[in-house]
Every structure is written in C-alpha cells, then in structure tokens.
Amino acid sequence: MALIEFDHVFKHYVGSNQAAVDDLNLHIEAGEFLTLLGPSGSGKTTTLMMLAGFEAPTSGAIRFEGKSIESLPPHQRNMGVVFQSYSLFPHMTVAENVAFPLSVRKLPQDQITERVRAALAKVRLEAFAQRKPNQISGGQQQRVALARALVFEPRLVLMDEPLSALDKKLREEMQLEIRRLHRELGVTMVFVTHDQSEAMTLSDRVAVFNHGRIEQLASPKELYDAPINPFVASFLGDNNMISVVPGSSGDNTHAVVKTSDGLNLVSRQRQDLSGAPAAAATLCVRPEFLRVASDPSALGTSNCISATLVDLIHQGDHWRLVAQLTGAATGQANERPQWFAKINPGALPQGLVVGQNLCLGFRPEDAWVF
Ligand SMILES: Nc1ncnc2c1ncn2[C@@H]1O[C@H](COP(=O)(O)OP(=O)(O)OP(=O)(O)O)[C@@H](O)[C@H]1O
Ligand SMILES: [Mg+2]
C-alpha cells in the first residue's frame, strides 16, 4: 500500500474560476524521495499545503496509510514542513525555533539540547544558535527551517523550495546533505523545486506539473530519456523542436517525417505514430545530440537542417551554439525557430563565424516525434 494517496483531488480557490489542482491522482511510496517540478502557478505548493493540512481539498480524498486525513489538523499529521512562506517564530532564537517541535512533544531537556545541537551542526549554524531570525540572512533562515523540520525525525518531510535563497555552492552542499539524510533516516520526502538539476540530483521520482495536473511521473532518467510529450521534453533539459507531419512509413525502428516544405527527417519510431493519420506532430532533438558542420557530408547522417549561425557562447566545459533555421526547414510562414547545440570544445568545427550558413545534423535514434 502507498504511504500517501491523492484520490481525484481538486482544489478551487474562492474567487478563481480555474482549478489550482485538477483531478490529482498520486501515490507516494514509503521511503521515496518525490519531487514536484513545474512552472510557476502549476499547483505544486497547493498540493503540499493540502497534504500538510493548511488547505482543504475542494473534493477528493487524501489518505495516509489508507486512512483519510481530512479531519486531522496540521500539528497532528506529524509531518516536518519547510514552506515557501512558512516563517520562523520571530520572538524565538534559532535554537528555540529548532527545539520547538521537540518541546511540544515533551522530550526531556537534555535530549532536546543534544538534538538541537546536532541539527544545527548539520545545517552548519551552530554559531548562530542564540540569534533571532531577523539577525540572520534569508539563506540562514531557510537552513534553520530545514533543521526544525528534520529535528523530530518525522516519517514524512514536505519541503517547498527550501534551498531557493542559497548561493550555488551552499545549495549543492545542502542537496547532498538532504540526499544523505534521506538515505540515513529512511524518511519519505516530498520536495518542490523549480530547478531541474536539483530535481535530478535528489529524486527517486519526479512529478512534472502543468496547470494543476501531472503530465508525467517517472524517474529523472526516464523523464529525460523518454518524455511523453513536448511539454515534459522541454521542461527537463533543453530541447529543439520543429513541426512535422508523419511521412512515408519507415520501418520498425524508424519513422520518417516531413517538414511543411517537404524536407524528410528520420527519427525513432513511436508506436502511436504508426498507422496514425497525417496529423501535425513535433520532432525534438536535445542540444547535446546535435552535430554541426559547414558541409552536410561531414555530418555522418542524412538528417540535415540548414541554419544560420546566430551566436557562439563559451560556457566553460562546452560551447553553446545558437542557430536560426533557414527558410527550407521552417514550419509555418513566419516561424523561424532557433535551435541550440551543445558542443564539446574538441568537437567544434574550426573557423565558424556568426552569420554563416551551416548544417545541423542528428542521428535518427537521437530524435523523438510526439
Ligand atoms: N490563496 C490563494 N487564493 C487564490 N488563488 C490561489 C491561492 N494560492 C494559490 N492560488 C492560485 O492557484 C494556482 C496554483 O498556485 P500554487 O501556489 O500551488 O503554484 P506553484 O506551482 O506552487 O507556483 P510557484 O512555483 O510560483 O510557487 C495559481 O494559479 C495561483 O495563483
Ligand atoms: Mg509554490
């Protein structure tokens, strides 16, 4: 049995005619690290607030170990929470804030002292124990909130962008720390982030939200390698896209598609394409799979789209190349998509100049059609 079940959950806020959460069905397994990822306003915080008990679903059920938790107030749900706008108690010191969940559970004072010390050490804030929240930075406040959520060793921890105010280095350190805590304590974690690399670092599974619904729920690798639609494909990692229609039939492993002006391209076969009517579709190629050459014969593939080089940016470990597709391969009359390529320093053709024509190539197995 799943630890948590959302069963046809809807949330309509008063005064809004759109559902913030729209028929959510979600099972969270005991011990897993589940991340909710999605654009601003897609319903991630609302989902977490309903689980924590700060918002009630308009309809549907939320169950914990099979039992409905609707009637339980937040403090009886025994969940550690770090919310976007869930501030610390301003009149208490850092140490008192972290001690709070233990004091309300009536632990002996010596145990409280020891646990608070250990929790503050984990988030590297021992030196700030006696300060008030308004005497520390935003990032330090986030770490106090994290310590307070973990200190009573809850079975379930909910975190809404808990690392968003930290600088990159500290954020990466805290990600590793959260990963370690998750493994060691065996707690179930439900985590919200905007940051796809953070989602990939931490999660067993990621739920990609859009308009209050889950577009896809899968492991980070599966989401990246086998997204089920263009939204997921472009939300996790970059993706280049072009409108196509299914062309001649291809074979078991490959599909042939046509751009609007008749350029044939070959991609991986998708079951839902074979035998489908000639409906509009989208071909996607990730930037790391694009090859670039001035001369199509140097590409080593017949998939070749012509483009103009718009920009060439050095990003340290790779080059980011921006290219405007030229007339022949663009879809609608005014559509001139820009594609991005990620090229290893050693693989960059010599003598590229902005404004020149080039060919973008890709292997059929590196392209998807939706
Ligand atoms: N208290 C509220 N009253 C009315 N509408 C709300 C309320 N809270 C959220 N909403 C609306 O519900 C939708 C979902 O909001 P939610 O906060 O869950 O999004 P989110 O995915 O967490 O976004 P973000 O990434 O910006 O934090 C949005 O359209 C938002 O405007
Ligand atoms: Mg939010």
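**Close-up views of a predicted model**

View 1. Strands here are DSSP runs of E, at least two residues long, numbered from the N terminus, and two of them pair if DSSP finds at least two bridges between them. This is a predicted model, where local features need pLDDT of at least 70 and side-chain atom pairs count only at pLDDT 80 or more, while totals for chains, interfaces and linings use all residues. Residues are numbered from 1 along each chain as its sequence is written, and chains are lettered from A and ligands numbered from 1 in the order in which they are written.

**View 2. Strand β3 beside strand β9.** Residues 33-37 make up β3, which runs parallel to β9 (residues 205-210) and is joined to it by four bridges. Look for L37: its bridge partner in β9 is V208.

**View 3. The whole open sheet.** Six strands line up in the order β6-β7-β8-β3-β9-β10, with mixed pairing. Because β6 (79-82) and β10 (213-218) are at the edges with a single partner strand each, one side of each has no neighbour in the sheet.

**View 4. Around ligand 1.** Which residues surround ligand 1? They are Y13, S16, A20, G38, S40, G41, S42, G43, K44, T45, T46 and H194, each with its C-beta atom, placed from the backbone, within 6 Å of the ligand.
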